[in-house]
Amino acid sequence: MADVGAAAAVEDRWQEDNPADRQPRSAETPHLSVEGFEGPLDFLLEMVRRHQLDLSRLSIVALTDQLVAALEGSLVRLERRTDWLVMASELLRLRAQLLAPASPQAAEGAAAEADRRLGQLEELAVMKAAAAWLAARPQLGQDVFARGNQMRAAAGPRAETLVAFLEATLAWLEPRPEPRGEEPPVYRPSPPDVWTLPEALARLRDALRSEPGGGELWRLGLPRLSEATPLRRRSAAASTFLAGLELAGQEEVTLHQDHDFGQITVQLVSPHSAAA
């Protein structure tokens, strides 16, 4: 990595400037290895002081763990261990300076943000407590059950309204005298102008008797309806189609269609094929 390479270059220059410290430094200071740096503790501190290594990119937890392990497993003199602690304290101080606000305004903003986060945590704690309180209460329909809805009797009609209704019913049921010399009116609905199924059956049978070889269903079954109403034309087409299906169901004729929505041909069933 770039920081490791830069650290190695600075260490080489530092050893060239301090030839007396080449051997004892690596032996008398703990060797640290973290992501972004690898070397002795005093060299790390020197690079940080010269601003040739970004201390904020190094894991201070990993450095501390390695330093504690070095202190516990080293057999050097107590004075040397004290030097290590001083150098580690200096690293912590430099790291704290990076974390500290750069100006009073930034410090006030950080304090306000901390207060806001603490307020959110307090609100979250209150909501969790309320949710736990609600969950612990008896649940309607599971632990407790409500009373059933009582059906209220519908209010009956008033007496005068009931009497008036009965009088009107009696007056409607009483027979009325017919006026002399006049016949009572009779409702006679006019039949619709349609081509009925019996008519379609009779016409199709007559056409097949005239043409035993059969032919196209609409040519044989449809009547001449040039002056008929649209309702009669539609009913003639529907009744003719139903007549063909009815005769085919009675095994009097056979229906054939080559493809979907194609012409339908009808033909009488011969006596030999019907017997077979």
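View 1. H5, comprising 22 residues, spans 31 Å between its first and last C-alpha, close to the 32 Å expected at 1.5 Å a residue (1.5 Å times one less than the number of residues). The model is predicted: local features need pLDDT of at least 70 and side-chain atom pairs pLDDT 80 or more, while totals for chains, interfaces and linings use all residues. Residues are numbered from 1 along each chain as its sequence is written, and side-chain values use heavy atoms, without hydrogens and water. Helices are DSSP runs (H or I, at least four residues), numbered from the N terminus. Buried in H5 are Trp84, Met87, Ala88, Glu90, Leu91, Leu94 and Arg95 (under 20% relative accessible area, with exposed over 50%, 1.4 Å probe, protein chains only). Seen down the axis, these buried residues lie within an arc of 150 degrees and so line one face of H5 (directions from the helix axis to the C-beta atoms). On the other side, Leu78, Glu79, Val86 and Leu99 are exposed.

**View 2. The pairing of H4 with H5.** The axes of H4 (residues 60-73) and H5 (residues 78-99) come within 11 Å and cross at roughly 170 degrees (lines fitted to C-alpha atoms over the stretch in contact, angles from 0 to 180 degrees between N-to-C directions). The two helices are therefore roughly antiparallel (over 145 degrees). H4 contributes Ile60, Leu67, Ala70 and Leu71 to the contact, and H5 contributes Arg81, Trp84, Leu85, Ala88, Leu92 and Arg95 (heavy atoms within 4.5 Å).

**View 3. The enclosed helix H3.** Seven of the nine residues of H3 (residues 41-49) are buried, so this helix is largely enclosed by the rest of the structure. Just after H3, His51 adopts a positive phi of about 60 degrees.

Note on methods. Parallel < 35°, antiparallel > 145°, perpendicular 65-115°, else oblique.
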